[in-house]
Amino acid sequence: MTVPNTTAATITAPKRSRASVSPKPTLGRKIGAGMVRPKSIPLTVIMAILVVYSLLPLFWLFVGSTKTQSELLNSFGLWFSGPFSLFQNIGETLTYDNGVFVRWLLNTLLYVVVGAGGATFLALLGGYGLAKFTFPGKKAVFAVVLGAVAIPGTALAVPTFLMFSQMHLTNTPWAIILPSLISPFGLYLIWTYAQDAIPSELLEAARMDGAGEFRTFFTISWRLLTPGLITVLLFTLVATWNNYFLPLIMLSEPTWYPLTVGLNQWNQQAQTVGGQPIYNLVITGSLLTIIPIVVAFLFLQRYWQSGLAAGSVKA
Amino acid sequence: MNKKHSTLRRVATAVAGGVALTVALAACSSGGAAGSADSGSASDITAALQKKSSITVWAWAPAVKDIAKSFEKKYPNVTVKVVNAGTGNDQYIKLQNAIKAGSGGPDVAQIEYYALPQFALGDSLADLGKFGMSDLESKYTTGTWNSVNLNGKLAALPQDSGPMALFYNKTVFDKYGIAVPTTWDEYIAAAKTLHAADPNAYITNDTGDAGFTTSMIWQAGGQPYKTSSDGKKVTIDLQDAGAKKYADMWSQLVDGGLVSPISSWSDEWYKGLADGSIATLAIGAWMPGNLETGVEAASGSWRVAPLPTYEAGSAATAENGGSGDSVMAASTNKLVAAGFVKYMNAQEGTQISMDAGGFPSTTADLSSSKFLDAAPDYFGGQEINKVLAQASKDVVKGWSYLPFQVYSNSIFGDTVGQAYADKANLNEGLKAWQKSTASYGSEQGFTVTSK
Amino acid sequence: MSQAQPVARVRRTPHKAKLDWSGWKFVGPFMIVFAFVLIAPVVYSIYLSLFKEQLIGGNQFVGLANYAQAFTDPKLWDALGRVTLFLIVQVPIMLAISLAAALALDSARLYLSSFFRIAIFLPYAVPAVVATLMWGFMYGTQFGLVRNINDWLGTHLAPLSSNWVLVSVGNINTWEFIGYNMLLFYAALRVIPVDLYEAAELDGAGTFRVIRSIKLPALRPAIVIGVIFSIIGSFQLFNEPNILRSLAPNAISTYFTPNMYAYNLSFSGQQYNYSATIAIIVGVLTAVIAFIVQLTGSRKEA
């Protein structure tokens with residue numbers, strides 16, 4: 001497969017694009033020949049409204065985490081009230097019910113590391129294979145994988161559940177991990193990225209030297225795919241971290257719950273005989289659940305931007 | 001070529017050996033079948049409790065964990081794992097999944113009375129009568145015993161009960177000079193007075209609740225659900241005299257905008273109970289525990305009164321909520337499971353439940369002076385248990401649920417809920433509910449007579 | 001001719017002599033897991049849809065009877081109608097806002113653009129459960145934020161009433177995905193070659209002309225992807241309405257969206273066969289529509 005010579009080139013192509021001219025987004029970046037456009041205050045104000053919209057619920061969440069259960073029920077949602085109880089709430093969240101929240105956190109980490117890590121690995125290998133090799137059945141692979149994206153999760157939920165219960169996989173971590181290993185979007189992304197990022201000449205040269213395909217891949221090819229790899233990793237990370245529906249069905253006991261399902265159970269807890277509403281813990285728990293993902297995205301900004309670029313262009 | 005053959009043979013031998021070993025092991029391990037016996041006497045149970053074993057219990061009532069600990073102290077060889085697999089319907093879904101899959105379920109499960117027929121129908125529950133528990137009948141109230149004794153089989157032992165009573169906020173009533181209503185007409189009048197005096201306050205909240213509706217029809221004398229003894233034929237009539245009486249009465253409140261549009265058990269509901277904007281609750285006797293832990297701010301304001309009736313001077317109420325505990329038919333350790341259920345609901349466990357705020361189903365506890373003389377501060381020192389114990393005696397007899405009540409309740413919002421949303425007469429909603437429920441029954445192979 | 005040594009694959013024959021399976025070494029692992037977690041359940045789903053199991057009566061083969069029932073099922077059509085309405089309204093609004101935001105970011109005329117980028121993207125990192133819980137708390141008309149707004153502005157907003165609940169769900173969904181779509185577009189904008197802008201400037205083109213002639217065409221593939229994923233997401237709508245249901249039990253029915261209908265059929269009604277049928281019908285419908293969009297989108301390209 002030859003590298004298509006398009007004008008909308010990718011990061012590694014020699015054509016100058018603003019992304020290659022200034023790879024790191026900076027304030028007041030220059031365009032092309034170095035001209036700087038004047039900053040617009042009205043535009044900033046309009047965007048600020050969008051930011052307020054985006055951040056409002058999160059601000060509410062933070063404010064809520066600083067309140068005690070009874071204050072939550074009695075005060076205005078968007079401002080602090082009563083004694084500042086953030087650390088108390090965090091402590092209580094982590095120790096409530098014998099520290100089940102920490103257990104849920106560890107479960108989620110397990111699912112994310114194995115699930116997202118595994119998904120990225122499979123997508124990496126698969127996308128590379130699709131991009132750089134011609135093999136019998138390739139068209140079928142495309143059709144089937146793209147078709148899979150359109151299938152609703154619920155179409156799969158019950159049969160997967162029934163299948164897994166025959167194999168005694170339900171209520172185990174495998175019930176969560178196995179389905180999360182498939183990321184059609186990741187496969188697609190790596191495929192498009194690999195087409196341009198890895199020149200076929202490189203592979204030919206390696207073959208001439210007698211290197212096996214896997215050896216070539218693991219020593220040379222995968223490094224060229226790094227931005228795409230990190231993008232897929234981040235998106236599968238978010239997907240597995242936020243996974244809710246499938247664990248809800250597969251798991252009957254809280255031992256293996258991820259954070260999402262656990263928080264929902266805490267929220268339902270108020271609805272029972274002698275039950276205790278613990279909305280303050282639900283809110284604080286939600287806050288703690290969001291933070292790791294946010295941090296991950298902040299640190300790995302560079303990569304996913306260029307990765308997304310390649311993916312969107314090749315559609 | 002020789003090499004290949006011998007490798008193949010070696011592999012084949014290994015596989016065959018592995019298979020043989022597995023078969024042998026399986027044959028040996030089936031010796032543990034004693035625990036899954038379907039029957040046993042009290043001495044069988046006691047013997048089983050001395051051996052090392054473990055059981056899993058699915059329950060959401062907070063007291064169960066403490067009961068399990070106490071049980072483990074008494075029988076040190078038994079490990080009881082208590083799991084909160086969800087509240088009510090959420091747990092039933094998981095139970096049904098486990099039953100369908102044939103594995104993954106618990107040994108003991110807490111099941112509300114309205115859901116018991118559904119699980120009993122599928123033969124998913126062990127018959128506790130075969131474990132000698134039928135003679136415990138005298139320990140329990142008639143209402144709860146009838147709820148667990150289905151088609152000649154003892155499906156569960158009652159854990160708690162929930163005869164309905166009227167919980168009201170005395171502070172609010174005093175503020176607006178409202179007398180405690182004894183009939184529903186007085187209740188409606190109180191609703192109007194309250195809402196007129198304070199448009200932010202309501203006599204109660206209601207966005208439609210299947211459990212509440214069926215209990216109220218029960219109190220009005222309705223018997224909308226009848227099941228044949230073989231469990232295959234069902235009659236549904238949600239417009240019988242009792243149902244109509246209730247719907248005509250309650251429609252006045254809903255259509256008149258006199259009930260708060262807050263859903264029960266939401267955070268707004270707890271707030272409303274705390275600040276007095278929801279002034280009464282017609283609900284089961286287990287509510288005090290919830291009020292004490294969830295509505296601390298209103299401590300001292302609430303009181304309990306008998307549920308209003310349709311005729312002045314009469315006393316009638318219905319069960320609202322409440323659960324029993326069953327041993328699952330798929331359990332491989334039924335003797336120990338049965339022993340735990342007996343401990344929890346017929347022995348020391350009952351006191352632990354009561355201490356945690358549960359309302360008992362055992363007659364001895366309901367008539368004990370310790371229970372009746374309790375005067376909690378939350379209720380301003382009122383001897384609430386006297387009112388509630390009387391309520392459990394006034395439960396109207398003759399009620400039964402559908403063998404697919406769990407499903408029927410799940411579509412309540414789709415049907416009767418629309419009447420609430422449209423502020424239409426509740427009878428219309430009940431008709432729609434009946435129609436959907438009946439068609440589901442036919443779909444599932446029941447012979448349904450829908451009147 | 002000795003075959004002992006492996007020969008270089010490029011032989012004398014001009015046409016394909018041998019099938020090269022080496023690509024499967026890489027695609028294989030993905031496809032194996034794929035077959036297990038996706039293909040097998042789909043096949044099983046199709047199998048289930050041809051049977052009917054009853055509480056009284058057991059399991060029977062019924063052929064296409066379930067499909068026939070589905071085509072005349074008013075609940076299914078109600079649900080499909082609703083998600084289609086949702087699709088037609090919410091997707092354009094969400095994508096338009098994302099597009100505008102991406103263009104604004106790309107124009108380099110914003111103060112603090114990195115902050116904006118991250119802030120608007122943040123909601124994507126929030127799990128649907130948490131997002132719905134948060135908005136659910138805020139939608140409360142008695143004690144939530146909406147109550148405060150109603151008091152201040154004298155309005156009578158009721159986000160959880162039957163008339164407005166779909167909008168409320170749409171709002172949550174929009175909130176969650178604006179950032180993601182914005183970044184999809186922004187990333188595509190960033191790889192537009194600088195030469196095009198230089199040429200445009202020489203021609204004296206203004207901002208809007210540049211947007212129309214350079215940016216939008218370059219965005220076409222990204223927009224097509226955005227639309228396709230949003231369509232799929234709309235048809236599969238489940239998490240948000242399902243969680244919101246406890247707060248609005250009368251406004252959100254058990255068949256509010258096709259996915260909820262299939263879910264409740266299975267898990268509340270134990271009607272697994274009919275549930276599988278519904279899921280297959282909706283899945284096929286989604287695939288067809290997505291495919292059509294794909295075709296229309298790429299056909300117009302040069």
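The model is a predicted one, in which local features need pLDDT of at least 70 and side-chain atom pairs count only at pLDDT 80 or more, while totals for chains, interfaces and linings use all residues. Residues are numbered from 1 along each chain as its sequence is written, and chains are lettered from A in the order in which they are written, with ligands numbered from 1 likewise.

The contact between the two domains of chain B takes 16 residues from domain 1 and 17 residues from domain 2, two residues being in contact if their C-beta atoms, placed from the backbone, lie within 7 Å. On the side of domain 1 of chain B that touches domain 2, the elements giving two or more residues are α4 (89–101) and α5 (116–121), helices being DSSP runs of H or I with at least four residues.

In chain A, the axes of helix α4 (residues 86–132) and helix α14 (residues 279–299) come within 9 Å and cross at roughly 100°, where axes are lines fitted to C-alpha atoms over the stretch in contact and angles run from 0 to 180 degrees between N-to-C directions. The helix α4(A) is therefore roughly perpendicular to α14(A), a term for angles of 65 to 115 degrees. Among the residues that make this contact are A:Tyr96 and A:Phe101 of α4(A) and A:Leu281 and A:Leu288 of α14(A).

Key:
Parallel < 35°, antiparallel > 145°, perpendicular 65-115°, else oblique.
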